[in-house]
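Please consult the sequence and the structure shown here before reading on.

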Amino acid sequence: KSKLTQNELEFTFREFRYKSTPTCEGFQLERTSLKEPIRDAVFQDNVTRFYKDSVVQLADSTAFLYYESVNSVHYFTQLPLRLKDDAVILKDLGIEEIQDKTYHKIEVKFTEDGGGVDFEDIYIYWFDVENYALDYLAYSFLVNGGGLRFRKAINRQRIGGVVFQDYKNYKPKNETGSLDSIGKLFDAGQLELLSVIENEAINLSPIELNCN
């Protein structure tokens with residue numbers, strides 16, 4: 001079993017404190033604002049917003065945005081564990097070199113059933129052929145007009161036996177590239193830095209589950 005299914009994970013990202021709690025029915029994902037008495041909880045594809053201790057009624061479009069935001073931050077933090085999700089479809093794209101290192105290039109798609117609201121997004125992961133470290137990932141997305149992103153792992157650290165890493169987040173300088181070619185675009189200096197994804201104050205707390 002992964003340590004992430006046996007521990008409660010907490011970390012700070014930008015203006016929120018995030019928490020992932022394993023349950024017998026999957027992860028409960030939360031984020032709590034560091035500035036306001038607001039908490040969002042995601043469980044089994046549903047999102048609930050709390051203001052102080054009261055539930056806030058949300059329009060469907062607003063609920064979707066909150067769900068998206070909470071789930072995506074947790075998803076990237078829990079990689080590559082989430083590649084074992086039932087909805088994941090893996091495809092081996094062979095070997096590719098990036099910055100003179102050799103990688104296994106893996107495509108990830110999702111089934112509509114269980115794949116979440118973004119099941120049509122496509123990901124590519126690059127794993128070092130020698131130590132299987134996840135050094136790069138990229139994805140195409142459809143929301144907000146769609147686009148491509150490429151992430152380079154930085155600040156790799158081991159906490160409680162789990163490897164966590166931050167990312168430099170890039171996008172193509174022009175929109176002519178494809179997801180499959182984005183590694184070559186990075187090598188050629190054709191990507192521009194968009195942001196840095198940094199998680200702080202990471203903490204793992206053991207939790208006992210009896211799911212029999």
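Seven strands form an open sheet in the order 6-5-4-3-2-1-14, with antiparallel pairing. Strands are DSSP runs (E, at least two residues) and helices are DSSP runs (H or I, at least four residues), numbered from the N terminus; two strands pair if DSSP finds at least two bridges between them. The model is predicted: local features need pLDDT of at least 70 and side-chain atom pairs pLDDT 80 or more, whereas totals for chains, interfaces and linings use all residues. Residues are numbered from 1 along each chain as its sequence is written, and side-chain values use heavy atoms, without hydrogens and water.

- Strand 3 (residues 26-33) pairs with strand 4 (residues 38-43) in the antiparallel sense over four bridges, and E30 stands opposite A41 in strand 4.

- D40 belongs to strand 4.
- D40 counts as buried because its relative accessibility is 0%, buried meaning under 20% relative accessible area (1.4 Å probe, protein chains only).
- Beyond neighbours within four places in sequence, the contacts of D40 (heavy atoms within 4.5 Å) are L29, E30, R31, T48, R49, Y66 and V70.
- The side chain of D40 forms a polar contact of 2.9 Å with the side chain of R31 and another of 2.6 Å with that of R49.
- A polar contact is a pair of N or O atoms within 3.5 Å; within protein, one must be able to donate a hydrogen and the other to accept it, and residues adjacent in sequence count only if both atoms are side-chain atoms.

Terms used:
Buried < 20%, exposed > 50% of the residue type's maximum accessible area, 1.4 Å probe, protein only.
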